[in-house]
Amino acid sequence: MDVTQPKQEHLLALKVMRLTKPTLFTNIPVTCEERDLPGDLFNQLMKDDPSTVKGAETLMLGEMLTLPQNFGNIFLGETFSSYISVHNDSHQVVKDILVKADLQTSSQRLNLSASTAAVAELKPDCCIDDVIHHEVKEIGTHILVCAVSYTTQTGEKMYFRKFFKFQVLKPLDVKTKFYNAESDLSSVTDEVFLEAQIQNITTSPMFMEKVSLEPSIMYNVAELNAVSQNGESMSTFGTRTYLQPMDTRQYLYCLKPKQEFAEKAGVIKGVTVVGKLDIVWKTNLGERGRLQTSQLQRMAPGYGDVRLSLETIPDTVNLEEPFDITCKITNCSSERTMDLVLEMCNTNSIHWCGVSGRQLGKLHPISSLHLTLTLLSSVQGLQSISGLRLTDTFLKRTYEYDDIAQVCVVSSKIKEN
């Protein structure tokens with residue numbers, strides 16, 4: 001949209017053109033069957049057409065490039081480039097020419113001019129050229145305001161502006177989900193899994209150059225978007241990471257707290273900020289776009305006052321044969337000491353070996369103890385370990401831990417084979 005000030009005889013002319021990459025030429029194939037009246041005429045004409053692809057003349061997409069015929073779409077994260085030219089159409093020498101380019105958004109006004117100094121003079125049929133660049137970071141209406149001021153030979157000061165209005169569209173739809181690695185609230189681990197769903201909502205394919213998660217200061221991140229094949233890491237999306245219009249791709253990341261924070265249960269307990277996504281893509285003939293999400297937040301897991309986590313457990317055990325597990329019990333309170341009593345309750349398949357109701361002693365704030373327990377299973381298959389109870393004798397409060405982990409129980413004969 002081009003809106004000018006009231007008509008006035010100006011000595012200078014302002015032209016603004018958006019700089020974009022060319023596009024592939026498209027043609028409409030016209031053909032017919034050989035028994036029709038034109039015969040093979042149309043097919044021969046298409047073969048002789050220099051804009052068609054040899055051997056694929058009936059395809060609409062040609063192999064020639066064409067310059068953009070309109071302003072086109074601008075998407076968030078792309079770089080807006082524009083060419084500004086001020087030409088002296090008169091026969092006079094114009095002095096003190098100042099060209100200013102501002103970009104007006106809904107929240108701010110940005111100066112995009114490369115230089116703020118005025119040009120001393122501009123002779124007839126000469127021009128002042130400038131190229132501006134801006135990485136678009138807001139969605140919605142943008143207005144490019146180009147203002148020109150100059151002085152005529154008679155000393156009269158002149159001024160005019162032009163406005164160019166365009167819309168910035170959203171290229172991607174990003175949705176995130178968090179999963180705490182846990183079986184229930186009483187056995188929460190510090191691992192957090194992030195699933196990011198990215199959808200291409202433009203009308204052209206995208207080449208996804210990079211999708212990474214920049215973790216916060218408390219976490220390390222591991223990307224789970226590749227598999228090992230013949231000793232090499234291969235992307236789960238294949239060798240060509242194109243995202244077609246309206247297609248969605250899911251990325252998975254695992255976040256683990258750094259060692260210095262993992263040892264402080266009370267610190268990591270309240271952490272909600274885990275990091276931000278950094279997405280880089282290319283479209284058309286290599287136009288680059290980049291988006292960074294705001295800091296992603298999750299609901300902080302509830303550990304309760306006492307946290308029980310499993311340190312070691314065998315993957316497979318023999319039927320009706322004792323096996324050991326190692327537990328870690330942490331006092332998540334930062335103020336009070338606990339006096340704990342351990343009780344073990346048998347289930348239909350899991351039987352604990354040892355004395356139930358034994359004293360574990362006092363556990364100070366933000367401290368842990370390790371405990372080795374022995375149990376056996378009387379049922380084959382995948383069995384859930386349940387039935388641990390911790391009682392704080394000071395507050396007369398009992399914490400129940402069920403579905404702590406799972407173990408595969410097999411017959412001893414099967415395991416030997």
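Modeller: Happy to; here is a walk from the inside of the model to its surface. Please keep in mind that this is a predicted model.

Let's begin inside. In soluble globular proteins, nonpolar side chains tend to be buried together. Here the largest nonpolar core has 49 residues. Leu 12, Ile 97, Leu 144, Val 148, Tyr 150 and Met 208 are those with the most contacts inside that core. Take Met 208 from this list: leaving out residues up to four places away in sequence, Met 208 touches Ile 198, Thr 241, Leu 243, Arg 249, Tyr 251, Ile 279, Val 280 and Trp 281. Another core, of 27 residues, lies apart from the largest one, and its members include Leu 308, Ile 350, Leu 360 and Leu 373.

Now to the surface. Met 17, Leu 19 and Val 131 form a nonpolar patch there, with about 240 Å² of accessible area together. Leu 19 sits in the loop between strand E2 (12-18) and strand E3 (23-26). Its relative accessibility is 35%, so Leu 19 counts as partly exposed.

Leu 285 is also worth a visit. You will find Leu 285 in the loop between strand E21 (273-283) and strand E22 (287-292). Leu 285 is partly exposed because its relative accessible area is 36%, a value between the 20% and 50% cut-offs. Beyond its neighbours within four places in sequence, Leu 285 is in contact with Lys 21, Pro 22 and Leu 65. Finally, Leu 285 and Thr 23 are 262 residues apart in sequence, yet their C-alpha atoms are 7.4 Å apart in space.

Technical notes:
Residues numbered from 1 in each chain as written. Predicted model: local features only at pLDDT ≥ 70, side-chain atom pairs only at ≥ 80, totals over all residues. Heavy atoms only, no water. Core = buried A, V, L, I, M, F, W, Y, C linked by side-chain atoms within 4.5 Å. Buried < 20%, exposed > 50% of the residue type's maximum accessible area, 1.4 Å probe, protein only. Contact = heavy atoms within 4.5 Å. Patch = residues over 30% accessible without salt bridge, like charges linked within 9 Å, V, L, I, M, F, W, Y side chains within 5 Å. Areas by Shrake-Rupley, 256 points an atom, 1.4 Å probe, with all protein chains shown as cover. Salt bridge = Lys/Arg side-chain N within 4 Å of Asp/Glu carboxyl O. Helix = DSSP H or I, 4+ residues; strand = E, 2+ residues; numbered from the N terminus.
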